[in-house]
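Work through the exercises below with the sequence and the structure at hand, and try each task before reading its solution.

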Amino acid sequence: MAEVYELQEVEVWDGNMAASHAMRQAQIDVVSAYPITPSTPIVQNYASFLSNGYIDGEFVMVESEHAAMSGCVGAAAAGGRVATATSSQGFALMVEVLYQASGMRLPIVLNVVNRALASPLNVNGDHSDMYLGRDAGWVNLCTYNPQEAYDFNLMAFKIAEDYDVRLPVMVHQDGFICSHTAQSVRPLSDAEAYKFIGDYKPKNAMLDLERPATYGSQTEEDWHFEHKAQLHNAIMRSMPVIERTFEEFAKLTGRKYNVVETYDLEDAEIAIVALGTTVESARVAVKEARKNGVKAGVVSIRVLRPFPYGEFCAALQGVRAVAFLDRSLPAGAMGMLFNECVAALYSGANKPIASNYIYGLGGRDLTQSHLQEIIKELQENAQAGKLTHPAQQFIGLRGPKLGFN
């Protein structure tokens, strides 16, 4: 029996500590991990909880991030509740095994503390790793602050383990800006948190010798397509479970989350679309712009996979010009967020003027001045009824201005 961890009504936690406590409260059977900045404190905190008697499960330190996810796959296939954390290069090394986890329908929870990918080497935050793993067959949830890092970890276990989903889930938070920034967090008690998640119910467990199951089979052209189609179908049909989990969490805590979040959008003529901690910065900029009579709003996406095409399209039906902020190098294309969101808008009646801003690579600051300049350009686009600036621009870049049509 694990020791009781006494929590205050309000704790001061950074995003990493918040994720660690949610993992502790989930009473995970196995955490298989290898440390990498800036996600190291998540598994380090968890190991400390274990050594101090607050956890009954197992912590397995392995030799690489590839091995960490391999250990998670083995433990989950055996029938355990499993989780880990990683970032950047470690996430890239995990990618091979991410596809194994989703293909085997294993409900693993992975905290991804978003960080730039080399080269050049950089330990600070951007969304390169988030975008790298978006098509690996995992449900992807996005958080903006430590409270949400805590909340979404609890919900991730419930979503992943639901028999109508049974898929691995990533929970994203911005490296350093969220992971290492302490804020007030209102946790549930251990009993409340565990009751919300529920007891783990294994399915097709390899250690259930009465019901033999096969993992890691080879299919080739005979059945590969069918397996992948079933995986895609499961992800696309997981949205009702995600929304139901959001509703149940709101009833328990009063904290209501939506698949697509909007801010000041009711009468907005222009909008900024963003992910991560940038969302809160954009809301500040929009609030300031409205003092000057600018009808601006913010749209953000909580669920990157499955992508909420209908909900996103509906949110922007009254907007004339939109800026999509991508915090990752597109390397020869428009940004990922731009492409996905414009695809969603294509099926709607309203097709606002769309522009793409690349920003914040390697941890570069996005300032309120930058955001006000974006809002100014959006106004010019809306008034002209067309793009008045390059379709894609790099914001905060030293040297000559960089933009592409």
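**Exercise 1.** Is Arg-134 buried, partly exposed or exposed, judged by its relative accessible area?

*Solution.* The model is a predicted one. Buried means under 20% relative accessible area and exposed means over 50%, with partly exposed in between. Arg-134 has a relative accessible area of 22%, and therefore counts as partly exposed.

**Exercise 2.** Find the salt-bridge partner of Arg-134 and state which parts of the chain the pair ties together.

*Solution.* Begin with the contact itself: Arg-134 forms a salt bridge with Glu-340, and the closest N and O atoms are 3.7 Å apart.

**Exercise 3.** Describe the salt bridge between Lys-158 and Glu-248.

*Solution.* The side chains of Lys-158 and Glu-248 meet at 3.5 Å, N to O. This pair links distant parts of the chain, since Lys-158 lies in helix 6 (residues 146-161) and Glu-248 in helix 9 (residues 239-253), 90 residues apart. Glu-248, with a relative accessible area of 32%, is partly exposed.

**Exercise 4.** Which residues form a negative surface patch?

*Solution.* The patch is formed by Glu-220, Glu-221, Asp-222 and Glu-226. Of these, Glu-220 lies in helix 8 (residues 220-236), and at 46% relative accessibility Glu-220 counts as partly exposed.

Definitions and conventions:
Residues are numbered from 1 along each chain as its sequence is written. This is a predicted model: local features need pLDDT of at least 70, side-chain atom pairs count only at pLDDT 80 or more; totals for chains, interfaces and linings use all residues. Side-chain values use heavy atoms; hydrogens and water are left out. Patches are made of residues with over 30% relative accessible area and no salt bridge: like charges are joined within 9 Å, nonpolar side chains (Val, Leu, Ile, Met, Phe, Trp, Tyr) within 5 Å. Accessible areas come from the Shrake-Rupley method with a 1.4 Å probe; for residues, only the protein chains shown count as cover. A salt bridge is a side-chain nitrogen of Lys or Arg within 4 Å of a carboxyl oxygen of Asp or Glu. Lys and Arg count as positive and Asp and Glu as negative; His and the chain ends are not counted. The place of a charge is taken as NZ of Lys, CZ of Arg, CG of Asp or CD of Glu. Helices (H or I, at least four residues) and strands (E, at least two) are DSSP runs, numbered from the N terminus. Buried means under 20% relative accessible area, exposed over 50%, partly exposed in between (1.4 Å probe, protein chains only).
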